[in-house]
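Here is a walk through one model, taken a piece at a time. Have the viewer open and follow along.

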Amino acid sequence: MTLCPSSHLLPLSNSPSPPPMAASLTTSSAASRLLLLPSASARAPLHRLSAPHSTNTSLAASSSYAFSPLKCRRYSPLPPRAFSNQRASSMSTVAAASDPAQLKSAREDIKEILNSKFCHPILVRLGWHDAGTYNKSIEEWPRRGGANGSLRFEIELKHAANAGLVNALSLLQPIKEKYSGVTYADLFQLASATAIEEAGGPKIPMKYGRVDVSSAEECPEEGRLPAAGPPSPADHLREVFYRMGLNDKEIVALSGAHTLGRSRPDRSGWGKPETKYTKNGPGAPGGQSWTAEWLKFDNSYFKDIKAQIDEDLLVLPTDAAIFEDPAFKVYAEKYAEDQDAFFKDYAEAHAKLSNLGAKFDPPEGIVLDGVQGEKFVAAKYSSGKKELSDAMKQKIRAEYQAVGGSPDKPLQSNYFLNIIIVIGVLAILTSLLGN
Ligand code: HEM
């Protein structure tokens, strides 16, 4: 297997130096000369629940969390190198919506990157972090945040919650350059949905045509994305996701995206530097995954959190909350038992997430495969039509035969009986009229 998400994008170094942020966007050839080595200094003792670290909150603020702390070191990014002015201005001219034919071709190119780099997880995270800034109480676009391509700007990439996502942007940049008729906002969401589908997940009823913001001034302020270790994880999840207009079911279903990928202490501050599941890749080694097969989209995230038997698998405080909070738990238990139910709810929630705050041109959006709006058919995800049991067949046969029929031929009408009934009714009516 070759390199994965970020492996070829970080500086070849033994020190835990930070990702070069947007500077790595300047050339894809430069990117291919770089290599990630896991940070030895960031190693942590093994704990099942890696606790109080947060992408958005301080260690002190989260240290009241009840789970045993994983003492991995929180990453302290150095000041990133800035975008060149030229890059910033060329990006700032993009505002029109996407072209359907180019979207389809771009999707094929994304599949190629997925197959060669195994970057499904980071592309999913990129799409989610562009959309997840949405605030439903703000009407005005793009101030309301959401899926508008603002995450391509350095100012937003520098938000602590987005650590490492510059690598995802670098992977997509050559595709963006090839297809001028595809907006960043669409490209991020196209890449995310394609990654889910290619990893074995459900078909997501996506639409496209998202308009891009055109300048860094239009980026949302920092702090709109969820933190991984807030003092009260369930309340925090509700506060953040309700602000986006998402509900409990959608919070739990979307959390299931952590069936893919890893957390890296040198990015978010969460997770172990490496585990038995990540030390050999695929792709860049290292990090701690939520599931053993972290490039396969299935319901193992819910099964593994429930089982909690493997110290090498990550459970963030916010992941634990979905089995602790009574209302979340109903869905978490259901998804652990029933992958079809998870896939159905995930596909709907992902599509909804991808549309948050987006401005579409045309307003109804562009559907690539005639899938958008199509009703979900659970049978698509189940193993096949169920046969009746022999006992049930016998019972049905006996019931048919008791009334003179058979399951193989329809019941015959009994003309004689019908005539008797008609005569009887007429006789009663005659006698009633006579009286
Ligand atoms: C519920 C609140 C959430 C929190 C607190 C959270 C937090 C995190 C953290 C801390 C990481 C590790 C990042 C790193 O170190 O590189 C991560 C990774 C990831 N997150 Fe979330 N996340 C949340 C929801 C979501 C949602 C809704 C999605 C998608 C729909 C998602 C998709 C991912 C993926 C795919 C990765 C792996 C990225 C990689 O391997 O590079 N997360 N998340």
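## The chain as a whole

Keep in mind that this is a predicted model. The chain's secondary structure amounts to 16 helices and two strands. Of its 435 residues, 46% count as buried.

Take the contacts in the chain between residues at least 6 apart in sequence: 77% of them join residues at least 24 apart.

## Helix 4 against helix 7

Two packed helices are described by the angle between their axes and the distance between those axes. Start with helix 4 (residues 100-117) and helix 7 (residues 165-178), whose axes come within 10 Å and cross at roughly 155°. Angles over 145 degrees count as roughly antiparallel, and helix 4 and helix 7 are therefore roughly antiparallel to each other. As for handedness, helix 4 passes helix 7 in a right-handed crossing.

On the helix 4 side, the contact is made by A106, D109, I110, I113 and K117, and helix 7 brings L171, I175 and K178 to meet them. Sorted by class, the residues of this contact between helix 4 and helix 7 are five nonpolar, no polar and three charged.

## Helix 5 against helix 8

Now turn to helix 5 and helix 8 (residues 184-198): their axes come within 8 Å, with a crossing angle of roughly 135°. That makes helix 5 oblique to helix 8. The crossing of helix 5 past helix 8 is left-handed.

Which residues of helix 5 and helix 8 meet? From helix 5 there are H120, L123, V124, L126, G127, W128 and D130, and from helix 8 there are A185, F188, Q189, A191, S192, A195, I196 and E198. In the contact of helix 5 with helix 8, nine residues are nonpolar, four polar and two charged.

## Around the ligand

The ligand is surrounded by 25 residues, and the closest of them are P121, A257, G261, S263 and S268. Helix 5 (120-131), helix 10 (248-255) and strand 1 (262-263) are the elements that give two or more residues to this shell.

Helix 5 turns up again here: with five residues, helix 5 gives the most to the shell around the ligand. By class, the shell holds 13 nonpolar, eight polar and four charged residues.

## The buried side of helix 12

Which residues of helix 12 (residues 317-324) are buried? They are P317, T318, D319, A321 and I322.

And what do these buried residues of helix 12 pack against? Their partners are helix 9 (233-243), helix 10, helix 11 (300-307) and helix 13 (326-337). Helix 10 is also one of the elements giving two or more residues to the ligand shell.

Back in helix 4 you'll find A101. Is A101 buried or exposed? With 11 C-beta neighbours inside 10 Å, A101 counts as exposed, since the cut-off for exposed is 12 or fewer. Across from A101 is G181: the two are 80 residues apart along the chain, yet their C-alpha atoms are separated by 8.9 Å.

The other one to look up is G370, placed in the loop between helix 14 (339-355) and helix 15 (390-402). G370 is exposed, because it has 7 other C-beta atoms within 10 Å.

Technical notes:
Residues are numbered from 1 along each chain as its sequence is written. This is a predicted model: local features need pLDDT of at least 70, side-chain atom pairs count only at pLDDT 80 or more; totals for chains, interfaces and linings use all residues. Axes are lines fitted to C-alpha atoms, for helices over the stretch in contact, and angles run from 0 to 180 degrees between N-to-C directions. Helices (H or I, at least four residues) and strands (E, at least two) are DSSP runs, numbered from the N terminus. Angles under 35 degrees count as roughly parallel, over 145 as roughly antiparallel, 65 to 115 as roughly perpendicular and the rest as oblique. A crossing is left-handed if the near helix is turned anticlockwise from the far one by less than a right angle, and right-handed if clockwise. Two residues are in contact if their C-beta atoms, placed from the backbone, lie within 7 Å. Ala, Val, Leu, Ile, Met, Phe, Trp, Tyr, Cys and Pro count as nonpolar, Asp, Glu, Lys and Arg as charged, and the others, Gly among them, as polar. A residue is near a molecule or strand if its C-beta atom, placed from the backbone, lies within 6 Å of it. A residue is buried if 20 or more other C-beta atoms lie within 10 Å of its own, exposed if 12 or fewer, and partly exposed in between; C-beta atoms are placed from the backbone.
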